[in-house]
Amino acid sequence: MDMDKKDKQLLSLLYENSRMSFVQIGKRISLSSSAVEKRFRKIIETNLILLLFADINFSKIGLKSYRLYFKLDSMDEQTEKKILNFFEEYPQTAWGVICEGEYDVLWRILGKDERDVEKASSMIIEKFGEKIIEKTMTCSIHQRYLSWNRALDSNRQLSKEIENLDEIGNVEENDLKIISALYENSRISTIEISRIVKLTPEAVKYRIKRLIDRGILKGYTAWFNADQLNMNLYKIMIGFKGLTKQRETEFINFCIENDNVIYVNKTIGSWDIELDVITENNQEFHAFTSKIKTRFSDIIGRHVSISIIKERMLNPLRK
C-alpha cells in the first residue's frame with residue numbers, strides 16, 4: 001500500500017488504542033471522521049492489519065501462552081497450506097507462522113496447562129509427524145508489545161505490558177464471551193456485543209469496565225502485516241548465561257527503547273527471551289544483532305533467529 005503521513009499516523013493511533021473512534025482519531029490527525037473511515041477501510045482491504053484485538057492478561061482467566069517450534073525435513077507449498085489451515089482450524093491458536101531459519105514452523109496456543117500443550121502437540125505430530133525432525137517449547141511469563149514506529153516514521157510509544165503470570169480470578173461465562181468478542185475485533189460495537197451475550201449495552205459497558213479495573217482487559221491494539229509496510233519481520237530466541245537481575249533489566253530496557261523491537265517475551269523453557277524485530281533489509285538486521293551481541297556479550301548464550309514468511313493472527317478464544 002502506498003501510504004502517506006496521515007495513513008501512518010492512523011496506524012500509530014490504532015496501535016495505541018485500536019478501539020478509538022473515527023471522531024477521536026480525526027481530532028488527533030486533523031481529518032474528518034469520514035476521511036478517517038475511508039482511509040481505515042482502504043487499510044483493511046489491503047490486508048495491512050492482521051488483527052485488531054484486545055490486550056488480555058490471559059493468566060487471570062486461567063490460561064497460559066505456549067509456543068511450539070518445529071523443524072521439518074522438507075517444506076513445500078502444499079505442506080505450508082496444510083499447516084496454515086491446521087492453525088486456522090485449531091480453536092486455541094493465537095499465532096501460526098511459516099518461517100525460515102532455525103525453525104520452519106512456530107505455533108502459539110493458549111492452554112490451561114501442559115495437558116493442553118500435549119494434546120495440541122499430539123495433533124500436529126499426528127498430521128505432520130513424518131516431516132518433523134525437531135520440536136521445542138516455551139511458556140510465556142511476561143510479554144510486552146512495542147510500537148511499530150520504525151515502520152511508521154513516528155515517535156516511540158510506551159510499551160504495553162500484556163501477560164504476566166498472575167492469580168486466576170473468578171470470570172463469568174458472559175465475561176469470557178465479551179473478552180472473546182473484543183479479541184476477535186476490538187472495534188466491535190457495544191450493541192453488537194450485547195447481541196452476542198444477550199445483555200443490555202449498559203450491562204456490557206459495566207462488565208468491560210470491571211474487566212479493566214480487575215487488570216484482565218489491559219487495552220486495545222493492532223498487529224500489522226510487516227510485508228505491507230515494506231519491512232522484514234524476524235524473531236530472535238536467546239538463552240542467557242550468568243544473568244543478573246540488573247543485566248536483565250538493562251537488556252529489556254534496551255529492547256523497549258530500540259525502534260527495531262516490536263515485541264519482548266520473557267519465557268521459561270528452551271529459551272529465556274524472545275524478541276520480534278522489524279528491519280528494512282538483512283543489513284539492518286545484521287547491524288541490530290551485532291549491536292545487541294556486543295553490548296550484552298556477557299549474558300547472551302546460545303541464540304538463533306528466524307525470518308517470518310507467512311503468519312496467521314487468530315482469536316484463541318473463538319470457541
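Residues are numbered from 1 along each chain as its sequence is written, and side-chain values use heavy atoms, with hydrogens and water left out. As the model is predicted, local features need a pLDDT of at least 70 and side-chain atom pairs count only at pLDDT 80 or more, whereas totals for chains, interfaces and linings use all residues.

Helices (H or I, at least four residues) and strands (E, at least two) are DSSP runs, numbered from the N terminus. Helix α3 covers residues 33-45, and its 13 residues should span 18 Å at 1.5 Å a residue; the expected span is 1.5 Å times one less than the number of residues. The end C-alpha atoms of α3 are 18 Å apart, in agreement with that value. Three residues of α3, V36, F40 and I43, are buried, where buried means under 20% relative accessible area, exposed over 50%, and partly exposed in between (1.4 Å probe, protein chains only). Viewed down the axis of α3, the buried residues fall within an arc of 60 degrees, so they line one face of the helix; the arc is that of the directions from the helix axis to the C-beta atoms. An α-helix has 3.6 residues a turn, so residues three or four places apart point the same way. On the other side of α3, S34, K38 and E45 are exposed. The buried residues of α3 pack against α1 (5-16), α2 (22-29) and β1 (49-56), contact being taken as heavy atoms within 4.5 Å. Just after α3, N47 adopts a positive phi of about 60 degrees.

Helix α8 (residues 190-197) can be read in a similar way. Its buried residues are T190, I193, S194 and V197. They cover an arc of only 105 degrees around the axis, which puts them on the same side of α8. Among the elements that cover the buried residues of α8 are α7 and α9.

Turning to charged pairs, a salt bridge is a side-chain nitrogen of Lys or Arg within 4 Å of a carboxyl oxygen of Asp or Glu. By this rule the count comes to 25 salt bridges. One of them joins R207 to E172, with the closest N and O atoms 3.1 Å apart. This pair links distant parts of the chain, 35 residues apart: R207 lies in helix α9 (residues 201-213), and E172 in the loop between β6 (160-164) and α7 (173-184). R207 counts as buried because its relative accessibility is 14%, while E172, at 39%, is partly exposed.

A second salt bridge connects K235 and D276, whose closest N and O atoms are 2.6 Å apart. K235 lies in strand β8 (residues 232-240) and D276 in strand β10 (residues 273-279), so the pair ties together parts that are 41 residues apart in sequence. Both ends are buried: K235 has a relative accessible area of 0%, and D276 has one of 2%.

D298 and R247 also meet through their side chains in a salt bridge (2.8 Å, N to O). Here D298 lies in the loop between α11 (282-295) and β11 (300-313) and R247 in helix α10 (residues 245-257), so parts 51 residues apart in sequence are tied together. D298 is partly exposed, at 41% relative accessibility, and R247 is buried, at 19%. Elsewhere, salt bridges that share partners join R67, K235, E274 and D276 into one network.

On a 1 Å grid over the protein atoms alone, a cavity is a set of points where a 1.4 Å probe fits but cannot get out, and a pocket is an open set with protein on both sides within 12 Å along at least five of seven lines; lining residues have an atom within 4 Å of a point. Grid points are joined across faces, edges and corners, and a volume is the space filled by probe spheres set on the points. The structure holds 4 cavities of 30 Å³ or more, and about 80 Å³ of space lies in the largest cavity. The lining of the largest cavity consists of R67, W95, R108, Y145, W223, K235, Y263, D276 and M313.

The largest pocket has a volume of about 540 Å³. Of the 22 residues that line this pocket, L176, S180, L317, R318 and K319 lie nearest its centre. Helix α7 supplies the largest share of the lining, 6 residues.
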